[in-house]
Amino acid sequence: LFLVQIIMMNLDLRRTETTVFREAGGCRIVGRGGLPLIFALLLSLPVLAFATTGYARGLHAGASRHSVDEKIRYCEDCHGLSAQGFHGYFPIPRLAGQQPQYLENQLRAFVERNRPNPIMSNVAHVLSPAMIKAIVARFQRFHPGPAGPGPKRLVAAGRQIFENGVPHDNVAACAACHGPNAVGHGEIPRLAGQLYPYVVKELVNWPKERGQNPASPDTSLIMKPVAHSLTKRQIEAVAAFVSNLR
Amino acid sequence: MMALTVNEWRGRRVLIGVSLPAAILASVLSITGYAYGADETPGVSQRALRAKLDYCEVCHGVSARGFVGYYPIPRLAGQQVEYIQNELRGFVEHKRMNVASPTATNVMFNVGHVLSPAMIKALATSFHNLDPKPFGGAPKQNLADGKRIFTEGISSAKVPACESCHGKDAKGNGAIPRLAGQLYPYVVKQLTNWSHERAEENSNIMAPIAHGLTDSQIDAVAAYVSYLK
């Protein structure tokens with residue numbers, strides 16, 4: 001809660017600076033001199049400097065450092081500090097350390113209604129391609145600890161499924177694609193440190209939440225038979241295992 | 001093309017969803033030795049086979065054309081039946097290792113050791129009959145070098161022409177594997193680590209050849225075969 005307050009204060013401060021900057025601009029247009037204007041300009045200098053150097057240093061053309069910072073803060077409102085995931089009304093997934101290609105694909109899936117989710121659809125459809133590139137690169141570099149680890153008593157059983165699969169039940173080993181440390185690869189997502197209730201929810205609801213637009217099939221189809229073959233108990237075990245990984 | 005294959009795949013998924021209880025019944029019947037249907041491999045029901053093929057394709061890709069997960073996962077489509085049988089035995093007997101990814105060896109051990117000989121035969125035959133396009137993605141600048149190595153070998157390094165065993169079209173024969181359309185990173189990894197990873201039957205044939213190839217020659221020949229249809 002304390003950290004959230006700090007963020008709110010930061011946001012307020014930022015708003016104040018922006019207001020001063022706008023007022024300063026206004027004064028210049030009117031062309032009145034005097035101390036108040038100089039004071040306002042002086043106040044606005046750091047903002048100006050920040051904005052210009054931010055733009056120049058922007059990692060991706062079209063998305064300034066400043067605007068990326070703002071967008072990341074906006075994502076963190078729901079996805080938690082350092083995007084480590086957050087328990088809101090729903091479990092909201094960790095994005096930290098996630099594979100950029102996977103995040104890009106999911107943002108596209110929200111827009112194309114492969115993942116019907118009105119909130120994320122609204123979030124995604126205003127993002128420019130440059131902004132998407134910039135924020136997914138940023139998320140991959142975050143490395144907070146797990147925010148929602150599952151029950152420790154299930155971890156051993158979960159590890160067994162993750163590393164070996166359940167060959168009798170035609171469940172493939174998660175490690176073959178997600179990697180032995182569950183960090184993912186390209187379009188295959190990182191699972192390490194993902195929220196336990198989120199992983200459970202996704203695996204239980206896979207055929208209802210993923211790949212819902214028949215006009216644009218996506219890679220979520222790969223997981224469909226796997227999710228289908230796992231029992232609820234197996235899902236909980238494997239979710240507990242990955243949610244405890246760092 | 002992708003959309004079509006994925007749709008085909010989706011069709012199969014639906015079939016599985018509908019037929020799973022029947023598949024369980026069928027596998028029980030097959031274990032107890034009862035014939036299930038007329039035109040099936042003895043001991044293997046079509047439904048149990050279909051479920052197992054779908055399971056293989058989770059990692060080995062749509063139509064088993066190969067897939068790059070965390071590791072490059074090889075194409076099985078069009079592969080020689082005897083070779084697939086031999087490799088599964090190699091995994092189960094811990095003769096085929098994987099130095100870069102021990103987990104992957106473990107995965108294939110687990111996959112292999114629950115398969116009945118009849119299921120292995122049925123799976124290998126099904127894979128042999130698949131013919132999807134190559135996975136692609138290999139660098140194209142050294143294809144000519146790769147072709148020369150494949151068709152002529154490198155006599156100075158005592159590397160024989162690959163085609164003398166794997167065939168002109170790289171489709172293999174019996175115990176000798178098909179290489180056509182195999183994933184570039186997979187072929188590179190195998191040839192690079194041959195003597196550390198492969199100790200299954202017949203694998204000693206390739207050991208001196210893999211040893212005689214330089215890294216750039218391996219890259220070239222792997223790229224060449226990866227584009228063959």
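Predicted model: local features only at pLDDT ≥ 70, side-chain atom pairs only at ≥ 80, totals over all residues.

Visitor: How many residues of chain A are in contact with chain B?

Guide: One begins with the residues on either side: 26 residues of chain A are in contact with 25 residues of chain B. Next comes area. The two chains bury about 2,400 Å² between them, with 69% of it on carbon and sulfur atoms. A:Pro167, A:Asn170 and A:Leu221 supply 22% of the area that chain A buries against chain B, more than any other three residues.

Visitor: Which elements give two or more residues to the side of chain A that touches chain B?

Guide: They are helix 7 (155–164), helix 8 (175–178) and helix 10 (224–229) of chain A. By class, that side of chain A has 15 nonpolar, nine polar and two charged residues.

Visitor: How many salt bridges are there between chain A and chain B?

Guide: The count is zero, while five residue pairs are in polar contact, both residues being at pLDDT 80 or more.

Visitor: Let us turn to the arginine. Where does B:Arg178 lie?

Guide: B:Arg178 lies in the loop between helix 7 (163–166) and helix 8 (184–197) of chain B.

Visitor: Is B:Arg178 buried or exposed?

Guide: B:Arg178 is buried, yet has no salt bridge. The nearest side chain of opposite charge, B:Asp131, is 4.3 Å away, and a salt bridge requires a distance within 4 Å. The side chain of B:Arg178 does reach the backbone oxygen of B:Ala180, at 2.9 Å. Beyond four places in sequence, the contacts of B:Arg178 include B:Arg75, B:Gln79, B:Asp131 and B:Lys229.

How values were computed
Residues numbered from 1 in each chain as written. Chains lettered and ligands numbered in written order. Heavy atoms only, no water. Contact = heavy atoms within 4.5 Å. Buried area = accessible area lost by both parts, 1.4 Å probe. Polar contact = N/O pair within 3.5 Å; in protein donor to acceptor, adjacent residues only side chain to side chain. Helix = DSSP H or I, 4+ residues; strand = E, 2+ residues; numbered from the N terminus. Nonpolar A, V, L, I, M, F, W, Y, C, P; charged D, E, K, R; others polar. Buried < 20%, exposed > 50% of the residue type's maximum accessible area, 1.4 Å probe, protein only. Lys, Arg positive; Asp, Glu negative; His and termini not counted.
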